[in-house]
Amino acid sequence: MKLHEYQAKQVFADAGIPTPSSTLADNVDDAVAAAEEIGYPVAIKAQVQVGGRGKAGGIKLVDDADEAREAADAILGMDLKGIHVDRVLVEAAVDFVNELYVGVTMDRGEGKPVAMVSTRGGVNIEEVAEEDPDAIVREHVDPSFGMHPYQARKAVYDAGVERDVARDVASVLQTLYTLWDDRDGADAEINPLMVTSDREVVAADAVMNIDEDALFRQPELAEMEAEATAGGDDLEAKADEYGFDYVRLDGNVGIIGNGAGLVMTTLDLVDHYGGKPANFLDIGGGAKAERVTNALDMVFSDENVDSVVFNIFGGITRGDEVARGINEALEGFDEIPKPVVVRLAGTNWEEGMEILNEDLVTVEKTLEDAVQRAVANAEEVDQ
Amino acid sequence: MSVLVDDDTRVVVQGITGGEGKFHAGQMIEYGTNVVAGAVPGKGGQEVHGVPVYDTVDQAAREEDADASVVFVPPAFAADAIFEALDSPVDLAVAITEGIPTQDMARVNKRLSEVDTRLIGPNCPGIITPGEAKLGILPGNIFEAGNVGLVSRSGTLTYQVVSNLTERGIGQTTAIGIGGDPIIGTDFVDSLRLFEDDPDTDAIVMCGEIGGEDEEEAAAFIDDYVDTPVAGFIAGRTAPPGKRMGHAGAIVSGSGTGTAQSKIDALNDAGVPVGDTPEEVADHIESFL
């Protein structure tokens with residue numbers, strides 16, 4: 001779960017990381033009033049979860065009220081890479097002489113947290129990592145001790161941060177690590193961390209991704225989640241509500257299955273046999289009939305879907321429960337909205353096959369046959 | 001023959017009084033697994049499926065001579081349960097739990113480096129030696145004893161590939177589900193080493209997926225060390241960057257690492273054929289035997 005910039009800034013500021021003064025606004029008048037209050041120049045920044053906001057016109061620097069009005073008017077309501085902008089952050093512009101990068105993430109290869117510092121801030125850090133990996137200093141942290149202050153200093157001095165601000169940068173890094181650790185961060189990042197002409201450091205941007213598996217012990221952040229995901233994909237929001245692992249894609253074959261690896265494989269096979277997956281939907285382990293009904297409801301409500309394939313290999317999940325759910329979902333229709341192919345294997349598949357109403361669906365025995373049939377169905381509907 | 005578990009393995013089930021723990025302990029016993037104890041704090045003295053329950057894993061291991069543990073404990077308490085297993089006399093801990101916070105697993109990972117106990121999982125279906133023992137939630141009836149070792153990051157994909165093998169009469173020595181999380185105990189390299197060193201494993205299936213670099217590391221290891229023929233499968237070819245595909249670890253990063261293609265290329269370079277479908281994986285294995 002990714003926090004919005006304004007949320008991450010608040011979390012960072014509360015922890016003691018210097019951030020520019022700022023106000024959130026959802027209309028032009030409030031944005032101008034906020035700009036007047038803060039004092040020019042200010043930056044007006046679209047609050048949406050997309051990368052490259054600046055280049056796409058979602059961030060504008062303004063020097064007076066007229067410019068502020070014009071910028072707020074242009075940004076509020078704009079469509080930024082497919083997402084509607086309904087809020088802006090009005091923020092004091094920082095008079096900077098230098099841009100740094102600091103970040104903390106989990107190094108999955110090492111199974112350890114890693115803190116990072118670079119003097120090449122303000123640019124796409126992933127590109128820097130690829131072109132010039134030595135430009136980013138990495139310091140692994142023992143998660144049972146946390147980051148020692150010397151480690152923060154070591155990273156900052158090794159990165160070649162100017163001496164007069166090194167202590168402040170080390171302190172920001174240390175705070176960022178503690179925050180990442182306390183709040184179950186997946187990634188925490190400040191890019192850029194600006195060095196002002198007065199030799200102060202200020203977090204001009206803030207990125208905080210939270211480990212979704214840890215939200216149960218982060219009630220304050222869990223509350224921010226609904227807000228953070230607002231304005232995103234409607235179907236993905238619905239999937240959250242139903243508690244499915246769901247990813248929307250741009251094809252027309254709807255895919256429902258159990259278990260991440262098998263559902264991914266079903267997607268890959270749809271592609272292999274010349275079709276295009278419309279979604280990834282994992283109903284999870286041990287799904288009961290109601291969950292299966294909800295899954296079909298979700299995929300049917302995606303207007304891009306022309307055909308559906310249901311692929312279940314029961315372990316914990318039972319074929320009879322799945323069959324009951326499919327029947328329930330389909331029996332309510334006078335006409336089935338999209339053709340459904342079902343493949344049941346594993347636990348209780350035979351009981352499932354007895355229950356399944358074969359007037360409503362097509363049954364295939366193997367994964368390969370089921371996928372090919374669903375791809376053919378989609379092609380037929382498409383014509 | 002087999003790796004890690006067989007019919008001598010004496011199993012303690014952590015969380016045996018919970019819904020999942022109780023059901024799957026029963027399934028394991030029915031399969032023939034030597035389940036000797038349960039461990040649940042506060043429930044010591046009870047019995048489940050005729051098996052004595054202890055308050056701690058340490059007590060269960062000492063009293064019943066258990067040498068392996070299976071963890072069916074909810075995510076919030078699972079890391080603590082794994083720590084408990086690692087600090088007890090058992091040699092092997094299998095963590096089934098899905099959704100353990102990654103930072104908890106980083107701490108577990110640190111502890112693993114200090115102890116001799118092996119961890120499989122978390123977020124995995126477990127391990128099975130067909131006809132002898134299963135530790136976890138795998139459906140026993142699709143497996144058959146034989147000479148193919150299988151290691152996989154995904155549970156249901158394992159079932160799919162195993163059924164493709166079993167249908168052709170190709171049985172398995174042991175199948176290890178290593179789990180779909182970013183930080184796991186036993187990885188591909190560990191599992192490949194076990195199968196390579198097992199005289200009864202004549203071919204190996206390795207099922208990977210997008211995210212991380214474990215498959216690339218495995219490919220390098222195969223190149224260096226493994227003479228047993230290996231066939232691979234990689235799930236997630238169609239996954240878009242930046243989206244988590246169900247498993248916490250199944251995500252292609254924004255900078256393009258962890259893609260299916262990079263894994264397939266690495267495996268091919270190490271001489272490992274990668275099937276486009278599970279059926280093709282079985283074709284490769286058949287050609288090896």
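The legends below describe close-up views of a predicted model. Local features need pLDDT of at least 70 and side-chain atom pairs count only at pLDDT 80 or more, while totals for chains, interfaces and linings use all residues. Residues are numbered from 1 along each chain as its sequence is written, chains are lettered from A in the order in which they are written, and side-chain values use heavy atoms, with hydrogens and water left out.

**View 1. The largest nonpolar core has 97 residues.** A nonpolar core is a set of buried Ala, Val, Leu, Ile, Met, Phe, Trp, Tyr and Cys residues joined through side-chain atoms within 4.5 Å. Buried means under 20% relative accessible area, exposed over 50%, and partly exposed in between (1.4 Å probe, protein chains only). The members that touch the most others are Val94(B), Leu135(B), Leu192(B), Val205(B), Met206(B) and Met245(B). Helix 9 (residues 260-272) of chain A gives the most to this core, with seven residues; helices (H or I, at least four residues) and strands (E, at least two) are DSSP runs, numbered from the N terminus. Another core, of 70 residues, lies apart from it and includes Leu3(A), Val165(A), Ala166(A) and Ala93(B).

**View 2. Surroundings of Leu135(B).** Not counting residues up to four places away in sequence, Leu135(B) touches residues including Val5(B), Met28(B), Val70(B), Val94(B) and Ile127(B). Contact here means heavy atoms within 4.5 Å.

**View 3. A salt bridge between Arg217(A) and Asp104(B).** A salt bridge is a side-chain nitrogen of Lys or Arg within 4 Å of a carboxyl oxygen of Asp or Glu. In this pair the N to O distance is 2.9 Å. Arg217(A) lies in the loop between strand 12 (207-210) and helix 7 (219-229) of chain A and Asp104(B) in helix 4 (residues 102-112) of chain B, so the pair joins two chains. Arg217(A) is partly exposed, at 32% relative accessibility, whereas Asp104(B) is buried, at 10%.

**View 4. A salt bridge between Arg248(A) and Asp302(A).** Their closest N and O atoms are 3.2 Å apart. Arg248(A) is in strand 13 (residues 245-248) of chain A, and Asp302(A) is in the loop between helix 10 (289-300) and strand 16 (307-314), 54 residues apart. Arg248(A) is partly exposed at 26% relative accessibility, and Asp302(A) is buried at 1%.

**View 5. A salt bridge between Glu216(B) and Lys263(B).** The closest N and O atoms are 3.3 Å apart. Glu216(B) belongs to helix 7 (residues 214-225) of chain B and Lys263(B) to helix 8 (residues 260-269) of chain B, so the pair ties together parts that are 47 residues apart in sequence. Lys263(B) is buried, at 0% relative accessibility.
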